[in-house]
Amino acid sequence: ESLRNLRGQTQGWTLDQIKSLCANARRMGKNSYLMLPHEAILFGLRADSNAQWKNGEELLIPLCSDGGAYLGCIRLAGPRDARTIHALELSHIEMLATDIALAVELQSLHTQLVRSEKLAALGQLLAGVAHELNNPLTAIMGYGELIHDAIAVPQARDQLAKLVSEARRM
């Protein structure tokens, strides 16, 4: 039930909102931020939504890429006073956030790589098809021009000219 509540509260969050939340919250560790109850209300979070969290404080750890882009966040909301988290515990959670951000970024890069490989394969296939069509069309155009020059009948010459023209178009 707590997980369902947490998902409902954060479902509409955007990366810009996470960035804004971190900018307005008090820094707790190297990459973690403590949101007080009044700060949570400013961003549409209800401090009383989790009755087990008595003081309404929440700890946010953003998931940041190497370039500094926000990819998401870890939100700690539970029946524990966030100020009692020891520096070592907090650093472990921050390292986990770094690893998760790296995994998310790698997944995105993998998706882009797969898409690029598919497009490259499609390009090679189309180049092969074009080559296979160009070879016989070149022969058709060449023989059509030879026959065109050898025939004196105007109607036949017009028909051969259309044949060569359409072969060029193809």
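**Legend 1. The chain holds 2 salt bridges, a salt bridge being a side-chain nitrogen of Lys or Arg within 4 Å of a carboxyl oxygen of Asp or Glu.** This is a predicted model, in which local features need pLDDT of at least 70 and side-chain atom pairs count only at pLDDT 80 or more, while totals for chains, interfaces and linings use all residues. Residues are numbered from 1 along each chain as its sequence is written, and side-chain values use heavy atoms, with hydrogens and water left out. Side chains of opposite charge can pair when their charged atoms come close. In one of the salt bridges Arg 168 pairs with Glu 145, and the closest N and O atoms are 2.4 Å apart. Because Arg 168 belongs to helix H5 and Glu 145 to helix H4, the pair ties together parts that are 23 residues apart in sequence. Helices (H or I, at least four residues) and strands (E, at least two) are DSSP runs, numbered from the N terminus. Arg 168 is exposed, at 52% relative accessible area, whereas Glu 145 is partly exposed, at 34%. Buried denotes under 20% relative accessible area, exposed over 50%, and partly exposed in between (1.4 Å probe, protein chains only).

**Legend 2. A salt bridge joins the side chains of Arg 169 and Glu 166.** The N to O distance is 3.1 Å. Arg 169 and Glu 166 both lie in helix H5, where they are separated by about one helical turn because they are 3 residues apart. Arg 169 is exposed, with a relative accessible area of 65%; Glu 166 is partly exposed, at 38%.

**Legend 3. Helix H4 comprises 64 residues.** Between its first and last C-alpha, H4 spans 93 Å, close to the 94 Å expected at 1.5 Å a residue; the expected span is 1.5 Å times one less than the number of residues. The buried residues of H4 are Leu 90, Glu 94, Ala 97, Ala 101, Leu 137, Met 141, Gly 144 and His 148. Their cover includes strand E3 (58-64), strand E4 (70-76) and helix H5 (154-169).

**Legend 4. A nonpolar surface patch of about 580 Å² includes Leu 133.** Patches are made of residues with over 30% relative accessible area and no salt bridge: like charges are joined within 9 Å, and nonpolar side chains (Val, Leu, Ile, Met, Phe, Trp, Tyr) within 5 Å. Leu 133 is part of helix H4 (residues 87-150) and counts as partly exposed, at 46% relative accessibility. Accessible areas come from the Shrake-Rupley method with a 1.4 Å probe; for residues, only the protein chains shown count as cover.

**Legend 5. The largest nonpolar core has 9 residues.** Its members are Trp 13, Ile 18, Leu 21, Cys 22, Ala 25, Tyr 33, Met 35, Leu 60 and Tyr 70. Helix H2 (15-24) and strand E2 (33-35) are the elements that give two or more residues to this core, and H2 gives the most, with 3 residues. A second, separate core of 8 residues has Leu 59, Ile 61, Leu 63 and Ile 74 among its members. A nonpolar core is a set of buried Ala, Val, Leu, Ile, Met, Phe, Trp, Tyr and Cys residues joined through side-chain atoms within 4.5 Å. Of the 170 residues of the chain, 26% count as buried.

**Legend 6. Asn 31 and Ser 65 are placed in loops, Asn 31 between strand E1 (26-27) and E2 and Ser 65 between E3 and E4.** Neighbours within four places in sequence aside, Asn 31 is in contact (heavy atoms within 4.5 Å) with Leu 60, Ile 61, Pro 62 and Glu 94. The C-alpha atoms of Asn 31 and Pro 62 are 7.1 Å apart, and these residues are 31 apart in sequence. Ser 65 is buried, at 10% relative accessible area. With its neighbours within four places in sequence likewise left aside, Ser 65 is in contact with Leu 71 and Glu 105.

**Legend 7. The chain has 5 helices and 4 strands.** Their order from the N terminus is α-α-β-β-α-β-β-α-α. Among the contacts in the chain with a separation of 6 or more, 54% are between residues 24 or more positions apart.
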